[in-house]
Amino acid sequence: MGLPTAPTVPTAPTVTSGPPAPLGPSGPSGPTVPPAPTEARLRRELAAVYRLVAHFRMTDLIFTHISVRVPGPEQHFLINPYGLLFEEITASDLVKIDLAGNPVEPTPHPVNPAGFVIHSAVHAARQDAHCVLHTHTRAGCAVAAQRDGLLPLNQISMEFHDRVGYHDYEGVALNLAEQERLVADLGGHPALILRNHGLLTVGRTPGEAFLRMYYLDKACEIQIAAQASGGPLVLPSRETAELTARQLTGQEHGSDLQDDRAAELAWAALLRLADRIAPDHAN
């Protein structure tokens with residue numbers, strides 16, 4: 001079941017690069033980008049991400065979405081069928097749609113309109129955003145409701161120092177006019193906190209988007225736990241937070257050592273986990 005044809009999306013200018021370099025490849029949130037993945041491979045990896053999100057308890061029943069752009073000039077992308085739990089989704093279940101939200105291949109499944117509005121906007125605006133991941137986790141929603149947003153309270157949090165955008169809540173994402181503002185607030189960042197709503201990450205691969213979300217959500221969990229203690233919070237200097245972000249995101253940082261394989265190894269381990277917990281995901 002398709003959606004009505006929409007105007008060109010979004011109207012904001014295309015962003016091909018942004019402020020600080022994207023997370024990875026050397027940090028924990030950025031796998032090395034493989035050459036020209038096929039649609040079949042992307043389907044398997046995206047299905048694996050759905051199962052991993054379910055495994056790590058980052059789902060909201062049948063709601064929220066993860067999408068990936070498939071090769072080709074048409075800018076088609078794969079998204080979850082509306083109505084399936086993330087723990088049920090397989091590679092063949094994924095629905096291929098265009099930027100107007102219309103299925104481009106026969107499918108028995110509908111697409112959630114809110115998912116189309118958010119994901120199509122980001123895919124259209126960011127050529128590097130091959131994968132877009134959105135969640136409504138408890139910790140993510142809690143931090144999204146805080147005036148000061150994500151604080152650099154921990155090494156994990158500092159990975160996102162000055163590398164996350166903020167988008168004010170405008171109601172359920174069913175209005176096409178919101179797309180321009182959403183992509184403007186994301187800018188060139190690898191992550192976006194949707195105020196009073198949830199979290200969003202982008203990546204050059206499904207693995208990169210997942211690892212970013214895993215650590216962004218963990219940063220939110222750490223913040224809520226630290227605040228719940230009631231004690232004074234210790235914040236590092238901006239200089240230290242920036243250095244840590246550079247160390248974790250593969251940017252030049254001047255330290256004596258660096259780890260270029262962390263993200264690649266972490267994603268390979270996660271794919272092995274997906275094979276163990278959900279061997280049918282690649283079907």
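Which residue forms a salt bridge with glutamate 45? The partner is arginine 41, and the closest N and O atoms are 3.1 Å apart. Both residues sit in helix α1, four residues apart, so about one helical turn separates them. Their surroundings can be read from accessibility. Glutamate 45 has 11% relative accessibility and counts as buried. Arginine 41, at 31%, counts as partly exposed.

A word on confidence comes next. This is a predicted model. The protein averages a pLDDT of 86, and 85% of the residues score at least 70. Residues 1–26 fall below 50. Beyond near neighbours in sequence, that stretch still has 83 contacts in the model. Among the elements, helix α3 (residues 138–144) has the highest mean pLDDT, 98. Helix α2 (residues 113–125) has the lowest, 85.

Back to the charged side chains. Side chains of opposite charge can pair when their charged atoms come close. The structure holds 16 salt bridges. One of them joins glutamate 105 to arginine 43, at 3.9 Å from N to O. This pair links distant parts of the chain. Glutamate 105 is partly exposed, with a relative accessible area of 37%. Arginine 43 is buried, at 12%. Aspartate 168 and arginine 195 also meet in a salt bridge, at 3.4 Å from N to O. Here the partners are 27 residues apart. Aspartate 168 is in the loop between β5 (164–167) and α5 (178–186). Arginine 195 is in the loop between β6 (191–194) and β7 (198–203). Salt bridges that share partners also build a network, which joins Glu39, Arg43, Lys96 and Glu105.

Now the aromatic rings. A pair of aromatic rings is described by the distance of the centres and the angle of the planes. The structure holds seven such pairs. Tyrosine 50 and phenylalanine 86 form an edge-to-face pair, 4.7 Å centre to centre with 90° between the planes. Tyrosine 50 belongs to helix α1 (residues 39–55), while phenylalanine 86 is in the loop between β2 (77–79) and β3 (95–97). The two are 36 residues apart, and both are buried.

Phenylalanine 56 and tyrosine 214 make another pair. Their ring centres are 5.2 Å apart and their planes stand at 75°, so this pair is edge-to-face. It spans 158 residues, from the loop between α1 and β1 (66–69) to helix α6 (residues 206–228). Phenylalanine 56 counts as partly exposed at 28% relative accessibility. Tyrosine 214 does too, at 24%. Ring pairs link Phe56, Phe210, Tyr214, Tyr215 and Trp267 into a cluster.

What about the cysteines? The structure holds zero disulfides. The sulfur of cysteine 141 has its closest cysteine sulfur in cysteine 220, 9.2 Å away, which is too far for a bond. Cysteine 141 is partly exposed, with a relative accessible area of 25%. Cysteine 220, at 0%, counts as buried.

The last stop is threonine 249, in helix α7 (residues 238–249). Threonine 249 is buried, with a relative accessible area of 1%. A polar atom of its side chain lies 2.7 Å from the backbone oxygen of alanine 245.

Notes
Residues are numbered from 1 along each chain as its sequence is written. This is a predicted model: local features need pLDDT of at least 70, side-chain atom pairs count only at pLDDT 80 or more; totals for chains, interfaces and linings use all residues. Side-chain values use heavy atoms; hydrogens and water are left out. pLDDT is the predictor's confidence in each residue, from 0 to 100. Contact means heavy atoms within 4.5 Å. A disulfide is a pair of cysteine sulfur atoms within 2.5 Å. Buried means under 20% relative accessible area, exposed over 50%, partly exposed in between (1.4 Å probe, protein chains only). Rings of Phe, Tyr and Trp (its six-membered ring) pair if their centres lie within 6.5 Å; planes under 30 degrees apart count as stacked, over 60 as edge-to-face and the rest as tilted. A polar contact is a pair of N or O atoms within 3.5 Å; within protein, one must be able to donate a hydrogen and the other to accept it, and residues adjacent in sequence count only if both atoms are side-chain atoms. A salt bridge is a side-chain nitrogen of Lys or Arg within 4 Å of a carboxyl oxygen of Asp or Glu.
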